[in-house]
Amino acid sequence: MRMPDLTALLTATAVFTSAFAFTAQAGEVHVLNWKGYGADEPWAVEAFEKATGNKVINDFFNSEQEMLTKIRTNPGLYDVVMINAAFNDQAMAEKLIQPIDTSKLPNYADISKDKAGSPMLDHDGKVYGVPWVWGLTALAINEKSFDKAPTSIAEMWDPAHKGRVVIRDDAVEAVQFGAIATGQNINDIKDMDAVKTKLTSLMPQIKTFWSSENDWNQMVASNQIDIGTYWSGSADRAKTHFKLPVSLVIPQEGAVAWLDAFSIPVGSKNVGGAEAFINYMIDPKFYVEWVTKVGAPVSANTKAVEALPEDAFNRKVMGDPEVAKRIQFQAPITDAQREVYLALWQQLKVDVK
Amino acid sequence: MAAHGAVAARGGLRKALPLLAPAYLWLTVAIFLPLSAMVFFSFMTDLPLTGKPWAFTLGNYAAFFSQSLYLTLLLASLRLGLEVTLWCIVIGYPAAYVLAKVLKGRSREAIFLLVILPFWSNGLVRIFSWAMVLREGGILDTALNAVLPFKINIDLMYSYPAVIIGLVHSYVPYMVLTCYLTLQAIDDSLIEAGRSLGASRLQVLKRVIIPLSMPGLVAGAALIFVPVVGSFMEPRILGGRTGTFYGTVIEDQFVAVFNWPLGAALSFILLAVVLVILAVASPVLRRAT
């Protein structure tokens, strides 16, 4: 058997569970995104379907790697996929996503220039990702455990919180958090040993490693934790939607910022529907409703942020130039770096057993 | 005579073929093909799926031996498997005995239903309900403090015991069912004969009942030990910061870093270790039966 045939056969075998998945039909927009992250809000889906006649079918992923696997193994199934800007490069290089004709998206013109012109999303003058929302991986606190909100990342190491601290079970996030705690650039970590030492001393403080918003919110609801790493949009949702005593802290040492964007996979059978959906997702009307009803990160659309009330967290705090100075945007990470981070993270988790 | 027998056997096989075909087709498509693909992946540097160049390597297997991390976790997982199996025997065997020899009729059916019930609920639901019971201020904590005159603090959630409790709950029905089948097959007159010849209840248990029900115990233990060693969901949800095991590391390789070759290699090392353990244990156990 010739090698390409063998490869093809094995590929087919490995993915055979998903190979027989339904093929997309025109008039349907298949969206791949995190669960509970805007695109699957029932009111939003209904409004979009009524306005355009397209039917929205949501599918979800639990990690960026799973998202990439899903588009790799289901070519032609998805029309819209939400990709963290740091992964856009990899998706483009693997020819998983196609250039987007932004002239078909009326709202694209209102996207802030620094986001729309991000080198992570634009390659060779072509746009491979439409910036949607951005946010922070910062700290969040259980308001019941603090009289006054802390300002420093060092609070995580305070012995008073022993056994009541959480951190996400994610090697990249953990290592970048360690970089901030040791005063380093998250995209160019020079002193890995310092990060390791710092994280090693954090491990005995940890109650558990969270992996979903639901984990975090349940632990606060049952008053089991004081402080932990959390995403800004999730903290907002915990407060607005679930009425939990959660507030976000952007430590003076800084925080990790990320940018989420929408892309159209290669082989999409409904590019027109995909463009309409992305345009709807960056529309101010959808954004304001999302923030008010559910809680959300910060829109990349300047008009959408301006449509929020003046004192809204996403406008007042996240739009504060002082905050902008402290945060560091995540750049793409190579597979080799990711392996190193994972090895370090696994070693830390084994050592604490 | 022999030729006639062979012809008959061949005829029997031909007749049995339509009955066997679905099972064999299913095994080939659903187990053999993906598993051989995984064996193949475990010797590769990269997946062909990503479109990157790849080559054959033994590096993924070497990775296991180059870092103490994997061995430490494998030993921890084997210990977890042994402990869970032991607790399943301690809890499941007496229950199976009562079901097989003491209860009759309606009450047996009712108890049987209770044993099988966990099978009918989703595994994840079971684990999350344990999370509600075990945490501080959870159902167990509140109930005990309501009854007891003194204050105790029960927070088993996110600990090693929580993982054991969750896994034992999930797997104890296997032990009850396999032991029930062998215990029920023991002729009551053998027990009566032992008793009438002067054996104490304990002697009857040791000399008659346990040896005769050994096949059930062994089958149950194997059914439980193997999946528990590779378990990842229960440790991850219930174990907190102590919840890192060999299974969770394999899961990370598949889900978090998309390193299927290393994940596959680690899985096959686990498979090999488990097979060696079963092979070493089987003559000992066979002698015991």
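Predicted model: local features only at pLDDT ≥ 70, side-chain atom pairs only at ≥ 80, totals over all residues.

Colleague: Which residue of chain A meets Asp155(B) in a salt bridge?

Modeller: The rule finds 2 salt bridges across the interface of chain B and chain A. In the one with Asp155(B), the N to O distance is 3.4 Å, and the cut-off is 4 Å. The partner is Lys207(A).

Colleague: Which helix gives the largest share of the side of chain B that touches chain A?

Modeller: Helices H1 (2-41), H3 (68-102) and H11 (246-255) of chain B each bring at least two residues to that side. The largest share is 7 residues, and it comes from H1(B).

Colleague: And how much area do chain B and chain A bury between them?

Modeller: In terms of contacts, 38 residues of chain B touch 37 residues of chain A. Carbon and sulfur atoms account for 62% of the buried area. The total is about 3300 Å².

Colleague: How many disulfides are there over all chains?

Modeller: Take Cys179(B): its sulfur is 10 Å from the closest cysteine sulfur, that of Cys88(B), so the gap is too far for a bond. Cys179(B) is also buried, at 0% relative accessibility, and Cys88(B) is buried at 0% too. Over all chains, the count is 0.

Colleague: Where in chain A is the pLDDT below 50?

Modeller: Chain A averages 90, with 93% of the residues scoring at least 70. The stretch below 50 still has 30 contacts in the model beyond near neighbours in sequence. That stretch is residues 1-25.

Terms used:
Residues numbered from 1 in each chain as written. Chains lettered and ligands numbered in written order. Heavy atoms only, no water. Disulfide = S-S within 2.5 Å. Buried < 20%, exposed > 50% of the residue type's maximum accessible area, 1.4 Å probe, protein only. pLDDT = per-residue confidence, 0-100. Contact = heavy atoms within 4.5 Å. Buried area = accessible area lost by both parts, 1.4 Å probe. Salt bridge = Lys/Arg side-chain N within 4 Å of Asp/Glu carboxyl O. Helix = DSSP H or I, 4+ residues; strand = E, 2+ residues; numbered from the N terminus.
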